[in-house]
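Subject: Structure for your review

Dear colleague,

My notes on it follow directly after.

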Amino acid sequence: MMYLVIKDLSNTAQDVIMVTQSLIKDIQSNQETIYRANAIRALCLITDPSMIQAIERIIKACIVDKNPSVAAAALVSSYRVFNSSKDIVRRWAPEIQEAIQSKSASGGFASTASGFLSSFGSSSSQSQMVQSNSHIVQYHGLGLLYLIRQHDRVAIAKLVQAFFSTSGQNDMLKNPAAVCMLIRCACKVLEDDPGSVRRIYELLGSYLKHKSDMVKLEAARAICEMKDTTSNEIHPAISVLQSFLSSPKPTLRLASVRTLNNLALRKPSAVISCNLDIESLVSDSNRSIATIAITTLLKTANETSIDRLMSQISKFMGDASDEFKVIIVSTVHSLCIKFPRKQVEMLTFLGSLLRDGGGYDFKKTVVEAMFDIVHVISESKDLALSYLCEFIEDCEFTKLSVRILHLLGVEGPKTNSPTKYIRHIYNRVILENTIVRAAAVNALAKFGLSTSEDDVKSNIKVLLIRCQDDSDDEVRDRATLALELMKQRDSGKQCGFDGSSWALPILERELIQYIGSKTNEKAFDLSTIPITSKAVRANPSNEQRQPTDSIIPLQTDNVYNKMNNLNARQNSLLDQKAIYTEALSSVPEITTFGALLKSSKRVHVTETETEYVVYCVKHLFAKHIVFQFDCLNTLNDQLLENVEVVMDIDNQELGLVKVFDLPASKIEYNALKHIYVAYEKQEISSFPVASFSCKLKFTVKDCDPVTGEPDEQGYEDEYRIDNIELSIKDYIQPTYISEFEEEFNKLADGEVVQVFALDLKKAPNLQVACTTIINLFGLQPLQDSSLLRNPNIHTLIMSGTFLTGKKILAKCRMMFNSASGAAFELSVRSEDIAISEVALSAIK
């Protein structure tokens with residue numbers, strides 16, 4: 001009790017020197033060892049960090065003390081001292097090592113029992129102490145050694161090697177907790193040094209045979225978390241975990257099934273052998289174990305076992321808490337995406353959960369799972385929307401009601417019977433609060449704008465007219481706007497009801513230029529303004545664009561000074577053309593080419609670490625192609641003069657004729673200058689594909705690195721840069737459209753279809769194949785079709801605008817075979833079938 005009082009009063013005391021001396025006297029006493037351990041803890045707590053060196057000798061002596069309770073107290077106190085005096089504690093490593101290796105260490109219970117008995121005058125208790133074999137000193141010592149050496153990878157590797165034992169029964173480390181600490185240190189070595197996989201695996205494998213369950217579990221977990229392990233290598237660890245699944249100890253069952261659950265995410269096939277044992281845990285009295293068992297079974301399930309699993313889960317869900325239900329719903333959601341043919345059974349399960357009670361987080365998880373299933377599996381749309389309509393009839397959460405109404409407005413008109421959802425939506429106008437009523441009006445407006453049936457449209461108008469009598473002005477205004485937009489259906493599509501809108505920064509700039517123009521003979525043309533999706537407007541990083549440095553050079557000259565004054569809109573791909581138009585207007589030779597139609601991404605044509613760093617941008621006009629080279633001199637002892645780029649085309653018969661090249665007069669150190677080379681197409685309707693070999697030619701003058709003063713005489717030199725490719729995607733501008741199927745059907749007359757394949761080397765999986773197709777054509781992927789939902793079958797839809805201004809759409813159906821690779825059926829449609837043929841030639 002006295003030591004506890006000393007600890008509490010130490011924060012308020014101004015001078016603790018007297019107490020310190022008393023504590024040192026207690027530590028050095030040969031009697032009542034329980035007081036020695038407590039004195040060590042109190043002394044390290046109250047001692048100022050600046051005075052630690054004064055008691056260093058005492059602590060070091062206690063670390064190697066023969067009594068384990070004293071040694072353990074000294075080691076644990078060293079953790080506290082390490083935070084303020086790292087250098088001093090590092091000097092104690094030899095003593096800590098000696099304490100770990102001591103074979104005569106005994107447990108702290110002996111000192112406690114001896115001290116307790118001695119208070120009753122038992123003299124024999126001091127000479128016959130109860131010996132303990134816990135060896136807890138080894139655990140504390142190993143942990144402290146790791147703390148001291150944690151930033152030294154070599155020292156940690158030596159630490160593991162020092163206590164390594166291939167037999168699994170290490171004579172040096174007798175404490176199971178210490179062995180577990182050693183296993184974790186070995187895993188740290190594996191992270192820092194992948195080349196030690198084999199040696200660490202042998203260490204972990206040896207501990208699978210340890211007599212302690214704790215050690216075997218830790219070793220099995222470490223093996224399961226190792227990367228790039230084969231089924232044979234991981235099998236011994238799974239066997240150990242499987243044996244623990246039937247253990248009478250709940251902690252072992254929980255730890256083993258949780259490890260198998262994590263393994264099932266990466267290697268479900270390796271866990272299948274444990275399914276029978278895991279199924280027995282579904283009825284476990286511990287709900288945590290039962291929940292993890294269910295999620296593990298779902299991760300390793302196949303189509304034939306889904307019905308049985310759904311039946312088992314339904315019985316379990318009634319007694320589970322919302323936290324466990326959320327975990328199960330997330331797993332069922334993933335399983336439904338994996339096996340789309342079982343979507344009816346899983347949607348039925350999710351629908352039943354919406355009828356049950358639960359909090360907001362649980363209901364939100366179920367609703368979001370249904371949303372994703374609707375977007376991924378088109379066949380599930382009717383059933384899922386029906387369950388959601390049933391849910392909002394009695395939904396107490398406003399946010400969920402609004403989100404469901406939005407989904408009904410977007411997906412409802414696309415179903416086979418869209419009118420059956422209108423009743424549920426209008427019920428929200430009558431029965432719900434203001435926020436939900438306003439969302440319901442928007443949903444009705446989307447039905448009115450999307451339907452082509454006059455009867456449905458007239459019914460929607462009647463409902464919206466009734467909404468104009470609502471007590472809330474927001475609801476009335478939305479109803480009025482919806483009625484006006486239904487009269488002008490095309491304008492309604494660009495007002496956000498279908499998720500798309502004009503690119504507002506570009507619209508603003510074009511309107512300002514139009515108003516400022518003195519000669520406005522024609523009306524403002526909205527068709528020239530690009531359309532963007534809601535996702536791009538909400539997060540511009542979702543747009544397919546290059547980083548800022550791919551548009552703006554590292555250092556600018558007079559041409560690009562204006563570009564630096566532009567605001568953050570320069571990051572957008574939609575604004576890229578305007579930025580380059582303004583920059584190129586300062587070059588008289590280029591202004592005669594007319595309007596800039598497209599500028600490519602800014603790409604490296606040299607390594608970034610070389611003495612001359614060169615970038616290239618391709619500018620395309622109606623009849624001309626301009627190559628802009630941005631050249632940076634990174635040598636402080638050289639001045640480059642008369643710098644030009646010599647380009648040689650691989651095929652002289654393509655109809656490209658060089659018009660001019662504009663060299664840079666000089667390029668000083670760390671200065672970036674621009675070089676232009678222009679080609680003219682002999683026929684404006686041709687779209688040549690070519691490769692250009694390029695090299696820099698310049699005069700080098702050595703100069704003083706400090707003053708920059710060049711020599712009078714120089715010498716000619718050349719520098720090879722990468723070839724420049726002119727491909728089909730350079731003639732295509734990616735653009736967004738909201739109604740792909742509708743637009744795609746309109747262009748049926750301009751369709752060209754081709755079937756082709758990619759081998760496993762070019763397309764090891766379907767995601768790589770999908771990315772390859774996108775990069776090949778330079779089109780804009782739509783509706784998240786660039787992200788795979790099924791690893792074997794996928795449909796990619798894309799849109800863009802050709803250099804001539806013609807719209808071009810593409811639908812690529814692809815299928816992956818693990819033996820042969822990816823097969824594609826690509827359908828390209830355009831307003832001009834010749835454009836479709838040109839675009840499709842990109843795959844040749």
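Predicted model: local features only at pLDDT ≥ 70, side-chain atom pairs only at ≥ 80, totals over all residues.

Overall make-up

The protein has 844 residues, of which 48% count as buried. Its secondary structure comes to 38 helices and 18 strands. Among the contacts with a separation of 6 or more, 64% are between residues 24 or more positions apart. The accessible surface is about 41,800 Å², and carbon and sulfur atoms account for 50% of that surface.

In soluble globular proteins, nonpolar side chains tend to be buried together. Here the largest nonpolar core has 163 residues, and those with the most contacts inside it are Ile96, Leu350, Leu388, Leu408 and Leu444. Helix 12, which covers residues 176-192, gives the most to this core, with 11 residues. Apart from this core lies another, of 62 residues, which includes Ile675, Cys694, Ile724 and Ile732.

To show the surroundings of one of these residues, I list the partners of Leu408. Not counting residues up to four places away in sequence, Leu408 touches Leu385, Cys389, Ile392, Pro413, Tyr421, Ile425 and Phe447.

Leu142 is placed in helix 10, which spans residues 136-149. Is Leu142 buried or exposed? Its relative accessibility is 0%, so Leu142 counts as buried. With neighbours within four places in sequence left aside, the contacts of Leu142 are Ile100, Leu159, Phe163, Leu173, Ala178, Met181 and Leu182. The C-alpha atoms of Leu142 and Ile96 are separated by 8.0 Å, while the two residues are 46 residues apart along the chain.

Salt bridges

The count of salt bridges comes to 31.

Arg253 is buried, because its relative accessible area of 12% is under the cut-off of 20%. Asp284 likewise counts as buried, at 10% relative accessibility.

Lys623 and Glu680 meet through their side chains in a salt bridge, at 3.7 Å from N to O. This pair links distant parts of the chain, 57 residues apart: Lys623 is in the loop between strand 5 (612-620) and strand 6 (624-633), and Glu680 is in strand 10 (residues 672-681). Lys623 is partly exposed, with a relative accessible area of 29%, and Glu680 is partly exposed, with a relative accessible area of 28%.

Arg829 and Glu751 form a salt bridge as well, with the closest N and O atoms 3.2 Å apart. Because Arg829 lies in strand 18 (residues 821-830) and Glu751 in strand 14 (residues 751-758), the pair ties together parts that are 78 residues apart in sequence. Which state does each partner have? Arg829 is buried, with a relative accessible area of 11%, whereas Glu751 is partly exposed, at 29%.

Finally, a network of salt bridges links Arg184, Glu218, Arg221 and Glu225.

A four-stranded sheet

Strands of a sheet pair through backbone hydrogen bonds, either parallel or antiparallel. In this structure, four strands form an open sheet in the order 9-7-11-12, and their pairing is antiparallel. Which are the edge strands? They are strand 9 (664-667) and strand 12 (715-726), each of which pairs on one side only. On average, neighbouring strands of this sheet are turned by 30° against each other, direction ignored.

Strand 7 (residues 638-649) is joined to strand 9 by three bridges, and these two strands run antiparallel. Val643 has Ala664 of strand 9 as its bridge partner, and Leu640 has Ile667, also in strand 9. Between strand 7 and strand 11 (residues 690-702), which run antiparallel, there are 10 bridges. There, Ile649 stands opposite Phe692 of strand 11.

With kind regards

Methods: Residues numbered from 1 in each chain as written. Heavy atoms only, no water. Core = buried A, V, L, I, M, F, W, Y, C linked by side-chain atoms within 4.5 Å. Buried < 20%, exposed > 50% of the residue type's maximum accessible area, 1.4 Å probe, protein only. Contact = heavy atoms within 4.5 Å. Areas by Shrake-Rupley, 256 points an atom, 1.4 Å probe, with all protein chains shown as cover. Salt bridge = Lys/Arg side-chain N within 4 Å of Asp/Glu carboxyl O. Pairing = 2+ DSSP bridges. Axes fitted to C-alpha atoms, helices over the stretch in contact; angles between N-to-C directions.
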